Amino acid sequence: MNIEIKEQGGKYVGILSGWLDTAAATQFLDDLQQLKAHADHEIELDCEQLEYICSLGLRGLLTLKKESAAKGGTLVLRHVGGEIQKILTMTGFIKLFDIR
């Protein structure tokens, strides 16, 4: 699992790739701290290259969404498809996120 974080035109973009399984989740939660520091801005997570997400990864996304809402920012998930869309749908998380 890898996350590349960059600033683009006033918003923060995280590009997720690989398998976000239990083994990778601890590092992922640590990496999200960088985005939480900018939760008052628009945060966009590009999931095009994300192949799998475990429950801890989902918890991290939900925590980031709550942090963004509390600070007046937004969280957008982009390019959600395939297995990730299935997981979000099965868990009901699909209704919780702005997915474009």
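User: How many helices and strands are there in the chain, and which pattern do they follow along the sequence?
Analyst: In this predicted model, the elements read along the sequence give the pattern β-β-α-β-α-β-α-β.

User: How far apart are the end C-alpha atoms of helix α2?
Analyst: Helix α2 covers residues 55-70, which is 16 residues. At 1.5 Å a residue it should span 22 Å, and the model agrees with this: the end C-alpha atoms are apart by 22 Å.

User: Where on helix α2 do its buried residues fall?
Analyst: The buried residues of α2 are G57, L58, G60, L61, L64 and S68. Seen down the helix axis, they fall within an arc of 155 degrees. The exposed residues S55, K66, A69 and A70 are carried on the face turned away from the buried side. The buried residues of α2 therefore line one face of the helix.

User: What is the nearest side chain of opposite charge to K36, and how far away is it?
Analyst: K36 lies in helix α1 and is buried, yet has no salt bridge. Leaving aside neighbours within four places in sequence, K36 is in contact with T63, L64, E67 and K71. The nearest side chain of opposite charge is that of E67, at 5.4 Å.

How values were computed
Residues numbered from 1 in each chain as written. Predicted model: local features only at pLDDT ≥ 70, side-chain atom pairs only at ≥ 80, totals over all residues. Heavy atoms only, no water. Helix = DSSP H or I, 4+ residues; strand = E, 2+ residues; numbered from the N terminus. Expected span 1.5 Å × (residues − 1). Buried < 20%, exposed > 50% of the residue type's maximum accessible area, 1.4 Å probe, protein only. Arc of directions from axis to C-beta. Lys, Arg positive; Asp, Glu negative; His and termini not counted. Salt bridge = Lys/Arg side-chain N within 4 Å of Asp/Glu carboxyl O. Contact = heavy atoms within 4.5 Å.
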